[in-house]
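Q: I have a structure open and want a quick tour. Can we go through it piece by piece?

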Amino acid sequence: MSASAAKGVREVPSFCYNCVAGPDLMTVRVENGIATRIEPCHQAEAIHPGLGRVCVKAFGLVQKTYNPHRVLTPMKRTNPRKGRNEDPGFVPISWDEALDAIAAKLNDIRARGLLNDAGLPRVAATFGHGGTPQSYMGTFPAFLSAWGMIDYSFGSGQGVKCVHSEHLYGEFWHRGFTVTSDTVRTRYLISCGNNAEVSGGVCAVRRHADARIRGVKRVQIEPHLSPTGACSAEWVPIKPKTDPAFLLALIHAMLFEHPRSALDLPFLRDRTASPYLIGPDGYYLRDPASGKPLVWDEITDRPVPFDTAGARLALEGRFTVADAVTRGPDDEIRPQRDAAARTAFTAMADAMAAHTPDWAAGICDIPAGTIRRIAAEFLENACIGETIEIDGETLPFRPVAVTLGKTVNNGWGAYECCWARTMLATLVGALEVPGGTLGTTVRLNKPHDNRLKSVQPGEDGFMVAHFNATSQKDWMAQPTGRNAHRTLVPIVGNSPWAQALGPTHLAWMFASDAPKEWPDPELPEIWFAFRTNPAISFWDTARIGRAMARMPFIVAFAYTFDETNHMADILLPDATDLESTQLIRVGGTKFVEQHWAHQGVALRAPAVEPLGEARDFTWITTELCRRAGLLERYNAALNRGAALVPLKGEGYDFSLATDQAHSVETIWNAVCQAATAALSEGKDVHDLDWFKQHGHYVVPFDREDWFLTPTMVRQGLRYELPYQERLLRVGEELGRRLHEHDIHWWDSQLSEYVAIPEWHDVPERWVESIRSMGADPADYPLWGITTKVMPYTTGNNAGIPLMHEVSANLRNHGAVVINATTAAGLGIANGDWVEVRSPIGATQGRAAVVQGCRPDTVVIPGQFDHWKTPFAKDLPFPSLNTVVPLSLALTDATGSGADVVRVSVRRIAAPAQAGAA
Amino acid sequence: MTRYVMVADLRRCVGCQTCTAACKEGNGTPPGVQWRRVLDLETGTYPNVNRVFVPVGCQHCANPPCMEVCPSTATGQRADGIVTIDYELCIGCSYCAMACPYDARSMVDHAEYAFGEQPTAVEATRIGRERIGVATKCTFCAGRIDAGTARGLVPGQDPEATPLCVNSCISGALRFGDIEDKDGPIATLLAENQWFRMHESEGTEPGFYYIWDKGAL
Amino acid sequence: MSQTVTSRRQRYWDLRAAGNFIGGGTGSGLIVVAAIAAVAGEPFRLPLALGLGFIAAGLSLVWLEIGKPWRAFNVFFHPRTSWMTREGIVATVLIPLGAIAVAADSVPAAVLAALLAAGFLFCQARILRAARGIPAWRQAEIVPLILATGLAEGSAVFLLAGSHAVPWLTLALLAVLAREAAWLAYRSGLGGTPAAARALGVFATPPARLARAAQLAGLAAVALALGFALLLAPGALAAPATLLAWTSGVLVALSGWGVKALLITRAAFIRAVVLPVVPTRGSGGRHARPV
């Protein structure tokens, strides 16, 4: 250590949270004040599931720091006209001038009111990928909290670039904002396009690699052969967007082609609503006195409330119920006499009857025999009846899982896929038990750090669910945000994350084409943007760009110039990853596959001094609050826990005085001490200096807490499956509300509110969208889809040359991936320039001719087509975003859409401006 | 005797290029020069297709063809098997690059930088002028090995004595160590799994093993 | 098992390096023919000097190519195994000896120089043969090809710089025929590996086809010139005969240089990674237990 110190070498502990698959711990090597390289955090090998390693993206952080294209002074726009072809005329200004200008706007707004005449927030903010910017914005959340109402509805890809339906339904059914396999134990994994080896992060990559050595069988169902498909035991090419048919056919095979003993009958009976009786109107038959759902007691041979002690619940069957009620929409209590009833399980079986493997084969282009074999292998590996001991607890062992990929998991068809995936797990009792299908964390429920604590008893024996009101009295007829999430999407709720999980493209669409039923959704007067580039990362980027140009005042935290901050009025250079201070949570269970046996906190401290005039985000926030008269509220928010943890708790008090502006170090010193005191229940209190030495602090996290089912058992709760009575009711109520207000443009979305999902022609919706744009589907004969490569996965890395260089070792980087036979038919050779065209436009790039892609599909990885971001703008890369339309018709009931479009492909001459990439 | 070898478990590798980036950053190689990289290969015909990720780089052959052809004796071989290049002797004829069956050697004849004409602050500190105009390749991070073993650390087990690519590998595909340590992890790993070496027919005896399945040979 | 080709073209030897093989081959061939002329009592000093010039020019070009030209002396450090060292050593003896032969008009020195030139050419052939990274060079047929091309191009230049009388036209024709035979043998050897097969693709490109057409035209021109010289009395129509012989010499030499430039700079693909097996990615075996 001393020898190193003598040579001016320091190793600074830090973390990388550039994508949701993190955070991971790392070490920054600093030589003579310059960060020279990133290394893993080897000291964390024993506590981090990825052995203390970080993925390729982290290695770009050195170049990111020293990128000569960085914006290193605050700047203001001098050209009032905004648009892609307008030179913003940015000129450097002082921090004082920049912050005073913003504060003046804020003060003016506060004087007039936080909401405009339409009831919409005058201040809006957009942050990039998956909540990760929050781990780099210091105390900015305390400013947001101090300010009050803010519109988060202008998305940067939410609902399109995430596993949107999984977020909503996963959290509803089993507190899984994202859903994964219990990879360390599973034996058989059906992965519908889940690209764990690319976007699962270091923990997933390590866990899956270990699983392969152990002998797991992963079957990858996807149109092109991704690295995950490559690393699977079997690749099954499926026609895009037909995954619901495949999954429903698996359920059919398991229900109709195998004995019931192949299923986990006790789990279905005791842990799900399978025995609940469904009345003729599609709602649960309820006990007239208590309103509780009825089940059929096989002992007394009569209906009883579901929680009747000593009853033996019939799992399946059809019965006649003499006297019951159903509760329809708007709390309509409907008496039911001698009602024909069937159990929810039977209702599901009835609905699945037509979804045979032979039927699905024609839709998915997968042989029926393959579907049958996969269903059989799934059952065979489910180990019904077996148990395993985890930390001294005996739990069910069901080592089979189903995971879904992004384009499977959003847009039309995603509801069916999410339901079918969860049902596949449920049928064999593999939901939230060792080896099975697990949720990871919660964002629509609280608390975020342990999802098990969000489990509370709700209605009808299920967990509580926080839906937006659809009753006549409480429904939000007037949107409270520009994407109308509380108005249109009941299931998303209204937690702090909910708005950004609404249909975020609607905010952009309504900015120019507002529904006539609502007041003009006047644009926000200030829009804050950080680590986000919606002008690149959304659909129909040209249209998004035009909408953005109409924003009156944009404050962009700017790393380099980019396509979004090109429209900004003020650019603020924040200190980046290696230059700034923040404490964040690590461990426990987080998004994707971060399943730790520890939990704690990790510090990012400056490894190097900020370049130029870049300032720590916490300093910027404090100064902004001071100038905007928010200091007291801001400090109070910090004390409440807006910067990670409450500063006061049982046995400790590190509260900050609310009447003064505190330094960055003072604030984080208090957070460090409060966090360690809270984690250790007062035993350990570590300050900022301690963290600068040690980097992270963890305490054990019970591995049993990876699984929700033990909590459900303890609370006597049932998973709200298979029958979706609640969704059925909510859908009917929402339809009534909308129609009462003469809103009919959401009707096709209402069709998704069904109690048991069945197949509807999902891919045909994309063909139909071609017709609706006035084009002939025959002119667009191929499916265009997207995928990722790890160096760019959800990281804002397009301007980092190292990422480009290493990605070029992959065949699909910056290319249009096309099947060899299809390419030959179009006269396209590997490396040829091609144009991919949809009715809204075209994108160009080089062809990567491969065997590992369906003949009817082309794949454009990543998100490029930059025209402003330095370095990236010189990459002659195609982008699917350029050719995917923003479309209400292609938006599902949850407000999400998928990266899918019908395209044509043709060979073209090399564009004149194409560089030698 | 010691012979250091690299093992790449092809069952694990996902082609993420983390090793490529870690090597580039750790060794300060200029744009386009990759001492470690991972190939993305495809075999078969649709729909029966395999895609395989293959880490490559200098194989530190026991009989290195590069050393045989090198006219200046710049290419050498250490007692521990590491094939070296003496940057003070090398004339930069690139003949070794033609002789290497593994496409493992690079040469740049002028300084190049990631962002164009000017070096970044970090590049300015690590230009490595002695490496311009001469052949370069993977060194197995010999400097780390030497510094580590001098402190009693074990290459392949102690990170400070282990090549950066191995340290960085997120899937656990890359392993490193002394194959002559008969009870050591590398010898054990190779004894318990099936492996091949690339272009064995050339008689190069590479020090780079590719594991592809379980079970002893 | 079909596999996507992954071989890369070699990135470091450009036309300067090709120039060494062109100059070295032509120069060596020319020196050998000049020595034969010397033994035959013909004037040899100009072609011998020119041959030395070709070799020196080739070596100069490669000197310009190497990364550390001021360390060029290090090339002599590895005679035990490096054919490049050996080439350098032979050249350092050949050039002064050849210069002596020219200056002193010494037939024995010319003969010794020719032996060294042959050795030099052999070294060049073995340089390529030892390039185990490049299958298109690695194959055994490269050695006769390099020898035959050197002789053909040298004898062709001799028609311009020395004599184009019947014996020299005959020698040139034989050398060009040998070059054709060596080429056909070499070309048929390609295809054994994916990397070498990619060389075939290069030889099918328009520049390569043009060079090959010129080679065949050169062959025809030499044959025509020889026939012309044989059928017509010496002296009669000397000017057209000379023109024909010179044309054939130019065609043979330039076309040969073209093919060689392609061989060094374009048709040189580094051996591709070949997977003998596909790795197992999990199994699904019922016996797989969690670790």
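Q: How many helices and strands does the secondary structure of chain A come to?
A: Chain A has 28 helices and 34 strands. Keep in mind that this is a predicted model.

Q: What radius of gyration does chain A have, against that of a compact globule?
A: Chain A has 27 Å. A compact globule with 917 residues would be near 29 Å, so the two agree.

Q: And what box do its C-alpha atoms fill?
A: Roughly 80 × 75 × 60 Å for chain A, along the principal axes.

Q: What percentage of the residues of chain A count as buried?
A: 64% of the 917 residues.

Q: Which share of the contacts in chain A joins residues at least 24 apart?
A: 72%, taken among contacts between residues at least 6 apart in sequence.

Q: Let's look at strands. In what order do the three strands of the open sheet in chain A run?
A: The order is β1-β2-β3 in chain A, with antiparallel pairing. β1 and β3 (34–40) are the edge strands, and each pairs on one side only. From one strand to the next, the twist averages 30 degrees.

Q: How many bridges join β2(A) to β3(A)?
A: Six, and the two strands run antiparallel. One pair to look at is R29(A), whose bridge partner in β3(A) is R37(A).

Q: What holds strands of a sheet together in general?
A: Strands pair through backbone hydrogen bonds, either parallel or antiparallel.

Q: Back to the backbone. Which residues in chain A does a cis peptide bond join?
A: G22(A) and P23(A), with omega about 0 degrees. P23(A) sits in the loop between β1 (9–16) and β2 (24–31) of chain A.

Q: Which residues does a cis peptide bond join in chain B?
A: Y46(B) and P47(B). Omega is about 0 degrees there. P47(B) is in the loop between β2 (36–45) and β3 (48–57) of chain B.

Q: Staying in chain B, what is phi of H60(B)?
A: Near 45 degrees, a positive value in a residue other than glycine. H60(B) lies in the loop between β3 and α2 (65–69) of chain B.

Q: Is H60(B) buried or exposed?
A: H60(B) is buried, because 29 other C-beta atoms lie within 10 Å.

Q: And what about phi of T73(B)?
A: Phi of T73(B) is near 60 degrees, again positive without being glycine. T73(B) is found in the loop between α2 and β4 (75–77) of chain B. With 18 C-beta neighbours inside 10 Å, T73(B) counts as partly exposed.

Q: Jump to L890(A). Where is it found?
A: In the loop between β33 (857–861) and β34 (901–907) of chain A. L890(A) counts as buried because it has 23 C-beta neighbours inside 10 Å.

Q: Which residues is L890(A) in contact with, leaving aside neighbours within four places in sequence?
A: G411(A), W412(A), R765(A), W766(A), S769(A) and G897(A).

Q: How far is L890(A) from Y652(A)?
A: Their C-alpha atoms are separated by 52 Å. Along the chain, L890(A) and Y652(A) are 238 residues apart.

Q: Now chain C. What should helix α6 span, and what does it span?
A: α6 of chain C covers residues 142–161. At 1.5 Å a residue, its 20 residues should span 28 Å, and the end C-alpha atoms are 28 Å apart, so that agrees.

Q: How many residues of α6(C) are buried?
A: 16 of the 20, so α6(C) is largely enclosed by the rest of the structure.

Q: Where does L46(C) lie?
A: In helix α2 (residues 45–65) of chain C. L46(C) is partly exposed, because it has 13 C-beta neighbours inside 10 Å.

Q: What does L46(C) touch, not counting residues up to four places away?
A: A161(C) and G162(C). The C-alpha atoms of L46(C) and I31(C) are separated by 10.0 Å, and these residues are 15 apart along the chain.

Q: Last one. How many residues does the contact take from chain C and chain B?
A: 38 residues from chain C and 42 residues from chain B. The side of chain C that touches chain B has 18 nonpolar, 14 polar and six charged residues.

Note on methods. Residues are numbered from 1 along each chain as its sequence is written. Chains are lettered from A and ligands numbered from 1 in the order in which they are written. This is a predicted model: local features need pLDDT of at least 70, side-chain atom pairs count only at pLDDT 80 or more; totals for chains, interfaces and linings use all residues. Helices (H or I, at least four residues) and strands (E, at least two) are DSSP runs, numbered from the N terminus. The expected span of a helix is 1.5 Å times one less than its number of residues. A residue is buried if 20 or more other C-beta atoms lie within 10 Å of its own, exposed if 12 or fewer, and partly exposed in between; C-beta atoms are placed from the backbone. Two residues are in contact if their C-beta atoms, placed from the backbone, lie within 7 Å. Ala, Val, Leu, Ile, Met, Phe, Trp, Tyr, Cys and Pro count as nonpolar, Asp, Glu, Lys and Arg as charged, and the others, Gly among them, as polar. The radius of gyration is taken over C-alpha atoms; the globule rule is 2.2 Å times the number of residues to the power 0.38. Two strands pair if DSSP finds at least two bridges between them. Axes are lines fitted to C-alpha atoms, for helices over the stretch in contact, and angles run from 0 to 180 degrees between N-to-C directions.
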